[in-house]
Amino acid sequence: MSENPLRVGLVEERIPEPCTVVIFGASGDLTKRKLVPALYSLARERLVPPGLTVLGFARRPIGDDGFRAAMREGVEKFARRRPVAGDEALWASFAQGIFYHQGTFDDPESYRALAARLAEIDAARGVPGNRVFYLSTPPGDFPVILRNLGAAGLVVRGGAGTRPFTRIIVEKPFGTDLESARVLNRQVLEVADERQIYRIDHYLGKETVQNLMAFRFANAIFEPLWNNRFVDHVQITGAEAIGIEGRGDYFESAGILRDMVQNHLMQIVSLTAMETPVTMGANDLRDEKVKVVKALRVMDDAALERDVVRGQYTAGSVGGKALGGYRNEPKVAPDSKTETYVALKFWIDSWRWAGVPFYLRSAKAMPKKVTEVALVFKEAPLRLFGAAAAAVGSRANVLAIRIQPDEGISLNFGSKLPGPTTAIHPVNMEFRYGTSFGTEPPEAYERLLLDCMLGDASLFTRGDEVEASWTWISKIHQRWRAAGTDVARYEAGTWGPAEAEALLLRDGRSWRRP
Ligand SMILES: NC(=O)c1ccc[n+]([C@@H]2O[C@H](COP(=O)([O-])OP(=O)(O)OC[C@H]3O[C@@H](n4cnc5c(N)ncnc54)[C@H](OP(=O)(O)O)[C@@H]3O)[C@@H](O)[C@H]2O)c1
């Protein structure tokens, strides 16, 4: 039997060419916890070429051996596919491709030395000059690194077809408001083309987030219902069951709107609400996502007052463990107005979603960690089952897509209760990743690093998309600053302030209790 050419094509396509991944900030937490473990898991799955090389760049003088030892520790602790007995040969060959370059971000000489080191390593390992520069550093360092990379001639301009290729991955946050995002976009484009820039949002690397697209566009039965004719409203929840865990200095300047909503939850909004892309290629897909963000109705003062709730947790208990109040965290102002909770009601002014409210909430110190999107459908046009159905709580159908944890999809509908009765009872039809596929999904960073090495930017955020979402989010921040009002309070371990409940109650709806 002849081989399926499409399958052969896919397999060939998914193995990147040999390249060197240069990580700036390589002695940091993200490199050890996520990046190198992800590269190692890819190597174990044989999804990267044997010539894959990692060059860490940071300040402390640890040398190649010190860096390798630290990475081994990270892989042992955090990789999805950990080294086990019998795997030593693989670790040994992976570790041979790990190097360390000591330098400081603002010193041009460090980059000249980096260029020389790269040339030497490329020659030794047979890498044809392909490079991925990963900016895993505090965001304030992005501009100086970009400038110095450009000045040292380390960036070869050109898109996916250019050889040797240079690609730049920029960690989050990409800006803290519209103005800073615009400035950063300009700084990036001074050095490289948009096609070379991979702005990371690790949510897009999650299988369940990608499955939102598969669910919608690989099946014919859901899409006809996915609009204002059938959907009553949409609820999006991004809840964490932890506080800020000592990161007061960061969180005070961020707040949950910047930390979660502008990036992760906006991605979920756009994948949920977008039109069918012409192809799944990076530009077609991102064109459709941007249209959603641009169609978000800008809130006027009245809407901001009425439809946005911000809250902050006070002392309470989460999962049986006591949690102190936000204002008692180290490096948090005793009168801080930073929001650890936000709830929004908003509209997408598109043909598909006209008249359908979107409700979104995101918070720390919730009773449960959960990220989900739920489409709540309109009720049946006629109540044929009357009082008996209402008595047992017949409800609107809900399609809930669980992003994390317990990744899966559930459809809630009414079923007749057994017996001589017309009563209707809500039941669930469930799909769960864990049970259906019996295999653990890859880590988000695995998929994203692999895609970047392959030159596929579909799951990365484009410059115009980032600016469009900051345009909308910055308006809310401006309003908060101008109004100077205090935050609502909620006890840690509860589902948020009463004002957020009222936001839905006033529309005759209520938040889901996932
Ligand atoms: N940690 C996470 O789970 C996570 C998750 C999502 C996004 N991020 C983002 O990822 C980025 C990195 O996070 P991280 O937690 O890994 O940061 P980190 O632990 O603070 O590491 C910072 C790194 O930058 C290096 N560095 C700082 N200043 C330098 C300088 N002037 N010259 C040379 N090296 C310098 C440090 O090297 P030395 O210590 O050797 O000086 C260290 O390797 C941040 O943008 C963060 O927002 C992190």
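Why does alanine 396 count as partly exposed? Alanine 396 has 18 C-beta neighbours inside 10 Å, so it gets that label; a residue is called buried with 20 or more other C-beta atoms within 10 Å of its own, exposed with 12 or fewer, and partly exposed in between, with C-beta atoms placed from the backbone. The model here is a predicted one, in which local features need pLDDT of at least 70 and side-chain atom pairs count only at pLDDT 80 or more, while totals for chains, interfaces and linings use all residues. Numbering starts from 1 along each chain as its sequence is written.

Alanine 396 sits in the loop between α12 (386-391) and β14 (398-404). Helices (H or I, at least four residues) and strands (E, at least two) are DSSP runs, numbered from the N terminus. Leaving aside residues up to four places away in sequence, alanine 396 touches Asp232, Val376, Phe377, Lys378 and Glu379, where contact means C-beta atoms, placed from the backbone, within 7 Å.

Next comes helix α7 (residues 178-191). Its 14 residues reach 21 Å from first C-alpha to last, close to the 20 Å expected at 1.5 Å a residue (1.5 Å times one less than the number of residues). Buried in α7 are Leu178, Ala181, Leu184, Asn185, Val188 and Val191. Looking down the axis of α7, these buried residues fall within an arc of 150°, so they line one face of the helix; the arc is taken from the directions from the helix axis to the C-beta atoms. Their packing partners are α6 (142-151), β6 (197-199) and α15 (463-483). On the face turned away from the buried side, α7 carries the exposed Glu179, Val183, Arg186 and Glu190.

The contact takes 17 residues from domain 1 and eleven residues from domain 2. On the domain 1 side, α2 gives the largest share, six residues. By class, that side has twelve nonpolar, one polar and four charged residues; Ala, Val, Leu, Ile, Met, Phe, Trp, Tyr, Cys and Pro count as nonpolar, Asp, Glu, Lys and Arg as charged, and the others, Gly among them, as polar.

Helix α2 (residues 29-44) also gives the most to the shell around the ligand, with four residues. Of the 20 residues around the ligand (C-beta atom, placed from the backbone, within 6 Å), Gly25, Gly28, Leu30, Arg59 and Arg60 come nearest.

Key. Contact = placed C-beta atoms within 7 Å.
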